[in-house]
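Please look over the structure shown here before reading on.

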Amino acid sequence: MTPTTAHNINASYMLRDAQLGLLPDMPTNLLDEPAPQDPGTWEVSRVFVTDTLSSRDRMRVRSEIGLALARLAETWKFDSYICLTSVAAGLLMRRTGLTISPAGPRLEVGGETCQAYHLKVDAKNVRSHAA
């Protein structure tokens, strides 16, 4: 996880750096709009759950990830994430109570069909899905 306001000597965060062409192995068209630089938005990328788990256990892990993301956002006082994950995982994250919407086109990344997403955090909604 990285705040979208992060800056290092010549880098910021993965999705923005990819968009700027700083990551040669990543496509530059991951996002439909310029990458956010907003204190209310953090990047959480490479959100994948191993397919060696049963589907029930994968869903449980995704629910725990959603709850942890909501708790962190609530504690650190921000309300959204931008992420890159597989399309399948993105669709399943909806079941965690996070509001998810596409932030870019579907692309092949590392042999997986992936997409960037906006994740809006509503802590109450996430908690109700975790119950």
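This is a predicted model: local features need pLDDT of at least 70, side-chain atom pairs count only at pLDDT 80 or more; totals for chains, interfaces and linings use all residues.

**Helix H2**

- Helix H2 covers residues 55–76, and at 1.5 Å a residue its 22 residues should span 32 Å, which agrees with the 31 Å that separates its end C-alpha atoms.
- The buried residues of H2 are Met59, Arg62, Gly66, Leu67, Leu69, Ala70 and Ala73.
- Seen down the axis of H2, these buried residues fall within an arc of 155°, so they line one face of the helix.

**Aromatic pairs**

- A search of the whole structure finds three aromatic pairs.
- In one of them, the rings of Trp42 and Phe78 have their centres 4.9 Å apart and their planes at 10°, and because planes under 30 degrees apart count as stacked, this pair is stacked.
- Trp42 belongs to strand S2 (residues 41–43), while Phe78 sits in the loop between H2 and strand S3 (80–86), so the pair ties together parts that are 36 residues apart in sequence.
- The rings of Phe78 and Tyr81, by contrast, have their centres 5.2 Å apart and their planes at 80°, so this pair is edge-to-face.

**Burial and the cluster**

- Phe78 is buried, with a relative accessible area of 7%, and Tyr81 is buried too, with a value of 0%, while Trp42 is likewise buried.
- Trp42, Trp76, Phe78 and Tyr81 form one aromatic cluster.

Technical notes:
Residues are numbered from 1 along each chain as its sequence is written. Side-chain values use heavy atoms; hydrogens and water are left out. Helices (H or I, at least four residues) and strands (E, at least two) are DSSP runs, numbered from the N terminus. The expected span of a helix is 1.5 Å times one less than its number of residues. Buried means under 20% relative accessible area, exposed over 50%, partly exposed in between (1.4 Å probe, protein chains only). The arc is that of the directions from the helix axis to the C-beta atoms. Rings of Phe, Tyr and Trp (its six-membered ring) pair if their centres lie within 6.5 Å; planes under 30 degrees apart count as stacked, over 60 as edge-to-face and the rest as tilted.
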